[in-house]
Every structure is written in C-alpha cells, then in structure tokens.
Amino acid sequence: MPDTNVLDVKNLSVSYSTPRGDLKALRNVSMAIGQKKIVGIVGESGCGKSTLISAIIRLMANNATVHSGEILFHNSNLLDFKEREMRALRGIDISMVFQDPMQTHNPVLTIGQQMIDIQYRDKLSKSKKRQRAAEMLSLVGIPDAQARLNQYPYEFSGGMRQRIAIAMALMAKPDLLIADEPTTALDATLEVQIIKRLEELQEEIGCSILFISHHLGVIAELCDEVVVMYAGEVVEQGSVRDVFHSPAHPYTAALLKCDPGHIKEKTRNLPTIPGEIPDLVDVPAGCIFQDRCSRKVPQCQVKRPLFEAVNEQHSVACHLNNKNADDSDHKEARG
Amino acid sequence: MLSYILRRTGLALVITVLAVSLLFVIIHMIPGDPVSTMLGPKASPELRAALEERMGLNEPLLIQIGLFFANMLRGDLGIDVFSNRQVTDIVLGQVPYTLTLILTSIGWSAIIGIALGCYSAANRNSFGDRLTGVLSVSMIAVPAFVVSLYSLLFFAVTLKWFPAIGAGEPGDFGDQLWHLVLPSLAIGLSWVGYIARLVRASMLEIMGEGHVRTARAFGLPERWITYRYALRLAILPTVTVIGVGMGFLLSAAVFTEIVFSRPGLGKLVIDSITTRNYPVVMGSVLFSTLIFVASTTLADIINALLDPRLRSAR
C-alpha cells in the first residue's frame, strides 16, 4: 500500500494528562485508508476510537498530547500542519459526521443558514449557496428541501438531522469522511436507511470513509476493511471477510461471539467478555488483552505481541498467530 | 412570534394587576394613618372625617382597590394629599429621571460585562481571566450605596471632576449626561462583575457543546464560532437576569438618588412614605411595578427572538 492511501496513520501515540498521571489512550496505532475505501473501526467504549479521529482532524481535548507517530493525509503529515492550514482542510478535504444528531447543529440558526455558513470559503452568491444546500438535502432524502432550509434543527427528527449532518459533511465533496458512530443514536430501521444512503453517496462522490461503530453488523454491511481496537491499540486488521469469518485475535473472536446478530439459539443471558479494560495510566507489561483472554499462553505476560501478517490483507497482534506457538491453539482461535 | 408576544403581554397585565393589589394592601398595613400625619393629633373629628372622605379611606379595602383601578384606567391616580396636584403628573415627572439612570447603568455594565465574560471564556485560566474573576467578585461584593458615597467623595468633592448633586440643567443634554456619570457608575459597577461571571460560565458551557465541535470540524473561523454561534446562545440567561434585575436596579436607584440628591422615583417613594402620602406612594409603586413587569416581559421577548425554540414553546 504505497502512496495510493488517502490516510496513513503510523505509530501514533497519544496520551491525556490526568491528575493520576498520563493516560496512554493510543499506543503505536497504525492504520491506513485506501482511495474510495470504507474502513471500519470497532472496539468497545474507551478503546481509543474517538481519540484517534480527534487526532486525525486535530480537534483534541486540551490535555491531550501526541507523543509520536505520523498522520499522513495524501502523504503530508497533518501533525506538522499549522492550525490555519488544518482549518483550511476541515470540512473541505476531511469532514465529519458526529454521533449525536440532536447536538450536531446550532439550535438558534436555521439549517439553511448553517449550510450556507460552511460554504464561507466559496465566492458564490448567497442564493447559489442556498441552491447547493437544497440540492444536498434532496440528495440525502429530505423532501421539500427548499422550504426546510428555513427551519430550525428542533423542527427535524433525529434521523432527519443525521441526514442533514451527512449532507453538510459531503457538500464540499471531501476526500475523507469520518463518521463517528453516526447511527448509534438512531433506531434500527433508520440505521439501515442511513447506511444505504451513505453507501450510495460514497459511490457517487468517490470519497473514502472512516466509519466508527460498535455495531458489527453495520461494519460488515458497509465496510471493505476493518480495524479492531482494544484499550488504545490495534489488535487486528484486515478485510471484513477475513476478520469476521476467521478472526485471528481472541478479542475479535469474543466480540463476534457477543454480537446479538450472531446468536442463533434462544438464551436468557447474552454472552459478555468478562473483566474490564486495563488501567491505561499504568499499562501492564505483555499483551494488553491478557487479563480477559481465555486462551492466554505464558509469554502473553512478558512479551508484547508484534503485528504479524496472517495473509496479505490480514494482520494480527497475538502470540497465538506466532508460528512458534501451539498450532492447535491457533486453529481453534481462528475457528 | 406575534402570538408569543401577545401571550406574554397578557400574562404581564395579569401580573401587574395582582402585584398592584398586593402592594395596595401592604401599604395600608403600614402603621400610622395619613389623616393624623396631616392634621396633627389634635384635629377635630369633623375635620378628620372630611379628609378621610376626600381620600376614600372610609370605604372598605376591596372597594378602595376597585376604585383605584377604575381611576387608573382613566389616568387618574388621585390627588397629592399635601400639594393638591395630580399624582399622575408628579410621578410622570420623576419617571424619566429614574428610567434614564437605570438604563444608562445597565447599558454600560452590560456592554463591559459581556465583553469581559467573552474574553475570560476565550482565554480560560489565563492571567487576564483570573484578574477579571477577582475584580468581578470584588465588584459584586460592593453595595451600590457604598460606591455612591465614595465616588461622590473622591470624584466630586476631592477631584471635582464630576458634579455632586442634582440631575443637571433641564434641556442641557451634555450637563445631564455629566450628572449621570457617578450615579450610573455606582449602580452599574456590581452588574459588570455579575454579568461578566454569568457570560463566562454560559460561554464555557456552550463552547463545550456538540454544535460548536461541528462548526470547528467544518473549519469555521474561531471568532465566527464565538460571536455568531456561541454568544447568541450564551447571552440568553444574561438577558433574563437583566430583565429580572430591574427590580434590584430600582432599589439601588433609591439609595443613589438620595445620596446624589437626584430627582426620581426612589426619592419620591421615600419622601411620600415618611409622610404617609398614600396616593403618591401608590402612584410611584405602580410605576415601579410597571417598569419591572415591562422589563421582564421585554427580556422574554428578546430571548424568544434569539432562540426559536422558545417561540414555539407554549
């Protein structure tokens, strides 16, 4: 994957300074998004998904520090950009759709005004900008777009607002769209509609999408590749097919087992992964998942597993994948 | 929007009627009666009865209130017990002085307070923010009458920069403005601190909300986000507080008018209460109530103009 990538994150480490000490939210995270690809990130809450995207768009909390790594966007490192250069990029080359549609828009300005405002860099007449806003609204499936531009956010439902957010994010035809759990706050039928629409628009505009979700079904439906994160590290990545059908990391396997969509038999208790995420202020030695892993081997406690390829498009950080490890264990993990 | 204004004005009228009735009762419960105050303890019963008759004091309280409202609608607030002048004329002569004083005070303090609040929120925890914080709290802690007395002593008596008493020559705008400086400084000073704190707090809250993050994610200029997107929301609580604060401003104006010997409602109320001059007291209290109710109503209407969600709320 040489220079064809839209985004290339290399060995990114980010920490938050807290009263207890530095919370190492991201450690040596590497991932890439190819052109016109949709890449999903999965992982439970607190795994560093949000830190990663706020680092990419450089809208981080005040107490966050980037310790090392690169974020290459079309081969230039965003971490070297001045704030002004970064601002020129936002909404144009990289845009975002946020999780909670009820909070995304300014409550006291009309949708039209906000959609015109984000085109402030364009030297177009106001009516042209308005026209473009209305076209975008129709494109995401909002009927009677011209009239609805005069309405305020509170006059739209959650699903409508998320469509508007998508329309705004795609208005400048960005190269990269970052969608941070865009359907988590919506109900299931709306989720399907929004995902379908997003897929169509991606095709039409030809952008790449970084899609964050903890809904595995959505990731499987929408994405080409998937990155599995756990406690601030990438533990497995590869094509959706490889990762979902033959997970190489016990965490991925456990995640899939917990997905209600995968459960065929009637049960009173949904499966869970026992234990919790380790303390990231005082990161333990060895594998980050060892405490919760059902298939731990002795070296998990001493040595951090390195990222190794399972096949060309599939890699994993787990000792079980290591050729020296017990082979029967390995097969079981992938089954 | 129009229906909101109508609804809000209707409510304001109801509030006025209730408040004025209550005040009427309270004033009549103040010990001491106007008849003995005017005629002295040795007056003949006939003379007392005649005066009571003239002031309507022989009627039951409810009828007195009813009569008061009936006359009020005709613009008649009764006759000053001492000077025989129309109370309406007396009070209307004083209202502009108080209104000018209050509006100037709140005007300058709101402008400076909002600016300081925005500065503090934008430069959170900087030296300037902390300095503003300390100054704000000190300003809030100093009562208006203390500022009145010391500013009078220092700027008017010692330095002779500003006039000490009165409201200036009628018709001479510059002179009147000159006389307004110290009193409005006294009344407005604590409001600067108060508004600055309030704006800072709500700005910080709004700047942390999701829509501000969205605006940033679209690369909107930071100034734009602060003043167009956030301030418009952050100002809402301040508008309400200023509207309600008119009540406190009126009472602050009482002290200040007395310290600076300015004409105005405050001075009129004090003078007429000490002489049990009921019609004048009622007249001034009525106008104070009107000013208060009008300012809270206006604050609500301004908020509804700024925030569409309030317009549609029932």
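Analyst: Contact means heavy atoms within 4.5 Å. Leaving aside neighbours within four places in sequence, B:Thr297 is in contact with B:Arg8, B:Thr9 and B:Ala12. The model is a predicted one: local features need pLDDT of at least 70, side-chain atom pairs count only at pLDDT 80 or more, and totals for chains, interfaces and linings use all residues. Residues are numbered from 1 along each chain as its sequence is written, chains are lettered from A in the order in which they are written, and side-chain values use heavy atoms, with hydrogens and water left out.

User: Is B:Thr297 buried or exposed?

Analyst: Buried means under 20% relative accessible area, exposed over 50%, and partly exposed in between (1.4 Å probe, protein chains only). B:Thr297 is buried, its relative accessible area being 8%. This residue belongs to helix 12 (residues 278–306) of chain B, where helices are DSSP runs (H or I, at least four residues) numbered from the N terminus. A polar atom of its side chain lies 2.7 Å from the backbone oxygen of B:Val293.

User: Which residues touch the most other members of the largest nonpolar core?

Analyst: In soluble globular proteins, nonpolar side chains tend to be buried together. A nonpolar core is a set of buried Ala, Val, Leu, Ile, Met, Phe, Trp, Tyr and Cys residues joined through side-chain atoms within 4.5 Å. Here the largest has 66 residues, and A:Met115, A:Leu137, A:Ile166, A:Leu170, A:Phe211, A:Phe244 and A:Tyr251 touch the most other members. Helix 7 (residues 158–170) of chain A gives the most to this core, eight residues.

Note on methods:
Helix = DSSP H or I, 4+ residues; strand = E, 2+ residues; numbered from the N terminus. Polar contact = N/O pair within 3.5 Å; in protein donor to acceptor, adjacent residues only side chain to side chain.
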